[in-house]
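Dear colleague,

Please find the structure below, handed over for your reference. My notes on its charged side chains follow.

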Amino acid sequence: MQRRTFLRQSCVACFGLAGAGLLLEGCGSALPLVKLTPVGNTISVPAAVFAAQVMHVIVRSRTLENDILLVKENDTTYKALYLRCTHEGVGLTATDKKIFCSAHGSIFDFNGNVVKEPALRPLKQFKTSTDNTGIIIYLS
Ligand code: FES
C-alpha cells in the first residue's frame with residue numbers, strides 16, 4: 001500500500017470513529033453494572049460500587065426480569081428504579097444522562113418521572129436503606 005493511500009484510509013477511519021463518538025455522546029455513557037443475588041427479599045449492594053464520581057449503577061439479578069437503576073442522591077440516600085417501561089413493559093436502557101425505551105421512545109428522568117410519552121406513569125421504585133456495608137434494596 002502506498003503511503004498516500006494509507007494516510008487517506010487512516011483519516012477516513014479516524015473521522016468515522018469521531019462521528020460515532022459524537023453520536024454516542026448524545027445518548028450518554030454506559031453505566032457500571034453489578035450482578036448480585038438477593039437474600040430473602042433484599043439485595044445488598046456494596047458501597048464500593050459507587051466509586052468517586054459514580055452516581056448511577058445498574059443492579060442485575062437473575063431473579064428479576066429487568067434491571068434496577070440505583071441512583072445516588074447523597075451518601076445516605078439512594079433511589080432504586082425498576083427499569084421496566086410503564087407503557088408496555090419493555091426493558092429500559094439507562095445511561096448517565098437518561099432512561100429511555102427503545103420500543104416507542106418514552107424517556108424517564110432519574111426520579112422515575114415521565115419526560116416523554118407514550119408512557120404515562122412513573123417507574124416503579126423500590127425502598128432502599130443504607131448500613132455500614134452499603135445499600136439495601138427491598139424488593140417488595
Ligand atoms: S413499551 Fe416503552 S414506550 Fe412503549
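Lys-79 is buried, with a relative accessibility of 15%; the term buried denotes a relative accessible area under 20%, exposed over 50%, and partly exposed in between (1.4 Å probe, protein chains only). Please note that this is a predicted model, in which local features need pLDDT of at least 70 and side-chain atom pairs count only at pLDDT 80 or more, while totals for chains, interfaces and linings use all residues. Residues are numbered from 1 along each chain as its sequence is written, and side-chain values use heavy atoms, with hydrogens and water left out.

The side chain of Lys-79 forms a salt bridge with that of Glu-73, at 3.2 Å from N to O. A salt bridge here is a side-chain nitrogen of Lys or Arg within 4 Å of a carboxyl oxygen of Asp or Glu. Glu-73, at 39% relative accessibility, is partly exposed.

By this rule there are four salt bridges in the count. Another of them joins Lys-72 and Asp-75, whose closest N and O atoms lie 3.2 Å apart. Lys-72 is buried at 17% relative accessibility, whereas Asp-75 is exposed at 61%.

Arg-60 and Asp-67 also meet through their side chains in a salt bridge, with an N to O distance of 2.9 Å. In this pair the acidic residue, Asp-67, is buried at 17% relative accessibility, while Arg-60 is partly exposed, its relative accessible area being 36%.

With kind regards
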